[in-house]
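Me: I am new to this structure and would like to learn how to read its features one at a time. Please show me where to begin.

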Amino acid sequence: MKTTDRGRTAVRAEITVLSQVQRALGHRLVVASARGLSFFGEHGAGWLALGLAGAAVDRTRRRDWLVATAGVAGSHAVAIAVKRVVRRRRPDDEAVRVLAGTPSGLSFPSAHAVSTTAAAVLFSRLTGRRLEPVLVPPMVLSRLVLGVHYPTDVAAGAVLGALLGRVVGRELDGAAR
């Protein structure tokens, strides 16, 4: 099998998974929720607003909240840079319904997954609660429900966001000493 054949087979497998997710979760309320998450996560804006709210409310750890919020902004910037290097196009197949607009036609990695995971990792440190299992799955699934990302886009985005969150988290740990 040629590399291009393998690549096409991999894309077909992802399209199959994507269309199955859409069939299983395509209820109008799920789609409406996914659109809400999409809006909240666009450019990391919802996470940035929450981080700034944390800085405003938790005055004793204001610097930590601002560092974490800057980490979320930086993670979004890294995702956009990777998208521009990789240049993978968004899903475009008759089996997939695209249910939301996107700022670009680039797909890998999912910037929503990157910034959400980074926010979950960083805000977990500040709240003392494990936020990743609560915040990340709904956001990554929303990108599939809306048909705007392949499964590997969101998986890679979550991994990249976790790594970036941990890197910035070291700064928070260093500041606590």
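Me: How many salt bridges does the structure hold?

Reply: This is a predicted model, and the structure holds 8 salt bridges. One of them joins Arg-88 to Glu-14, with 2.9 Å between the closest N and O atoms.

Me: Where do Arg-88 and Glu-14 lie, and how many residues apart in sequence are the parts that the pair ties together?

Reply: Arg-88 is in the loop between α4 and α5, while Glu-14 belongs to helix α1 (residues 3–25), so the bridge ties together parts that are 74 residues apart in sequence. Arg-88 and Glu-14 are also linked with Asp-153 in a network of salt bridges.

Me: Is Glu-14 buried or exposed?

Reply: A residue counts as buried under 20% relative accessible area. Glu-14 has 11%, so Glu-14 is buried.

Me: Which residue does Glu-171 meet in a salt bridge?

Reply: The side chain of Glu-171 meets that of Arg-63, at 2.6 Å from N to O. Because Glu-171 lies in helix α7 (residues 151–176) and Arg-63 in helix α4, this pair ties together parts that are 108 residues apart in sequence. Glu-171 is partly exposed at 40% relative accessibility, and Arg-63 is partly exposed at 41%.

Me: What do the accessibility values say about the salt bridge between Glu-132 and Arg-130?

Reply: In that bridge the closest N and O atoms are 3.3 Å apart. Glu-132 is buried, with a relative accessible area of 18%, whereas Arg-130 is exposed, at 62%.

Me: What describes a pair of aromatic rings?

Reply: Such a pair is described by the distance of the centres and the angle of the planes. The structure holds 2 aromatic pairs. For Phe-40 and Trp-47, the ring centres are 4.8 Å apart and the planes stand at 85 degrees, so this pair is edge-to-face. Phe-40 is partly exposed, with a relative accessible area of 29%, but Trp-47 is buried at 6% relative accessibility.

Me: Which aromatic pair is tilted?

Reply: Trp-65 and Phe-123 form the tilted pair, with 5.3 Å centre to centre and 45 degrees between the planes. Trp-65 counts as buried at 9% relative accessibility, and Phe-123 counts as buried at 5%.

Me: How do I read the surroundings of a residue: which residues is Ser-115 in contact with, leaving aside its neighbours within four places in sequence?

Reply: Start with the place of the residue: Ser-115 is in helix α5. Ser-115 is buried, with a relative accessible area of 0%. Apart from neighbours within four places in sequence, Ser-115 is in contact with Gly-41, Gly-44, Trp-47, Val-72, Ser-75 and His-76. Trp-47 in that list is also a partner in the edge-to-face aromatic pair.

Me: What volume does the largest pocket have, and which residues are the closest to its centre?

Reply: The largest pocket has a volume of about 200 Å³. It is lined by 14 residues, of which Ile-80, Lys-83, Arg-90, Pro-103 and Ser-104 are the closest to its centre. The largest share, 4 residues, comes from α4.

Key:
Residues numbered from 1 in each chain as written. Predicted model: local features only at pLDDT ≥ 70, side-chain atom pairs only at ≥ 80, totals over all residues. Heavy atoms only, no water. 1 Å grid on protein atoms, 1.4 Å probe; cavity = no way out; pocket = protein on both sides within 12 Å on 5 of 7 lines; lining within 4 Å. Points joined across faces, edges and corners; volume = space filled by probe spheres on them. Helix = DSSP H or I, 4+ residues; strand = E, 2+ residues; numbered from the N terminus. Buried < 20%, exposed > 50% of the residue type's maximum accessible area, 1.4 Å probe, protein only. Contact = heavy atoms within 4.5 Å. Salt bridge = Lys/Arg side-chain N within 4 Å of Asp/Glu carboxyl O. Phe/Tyr/Trp six-rings, centres within 6.5 Å; stacked < 30°, edge-to-face > 60°.
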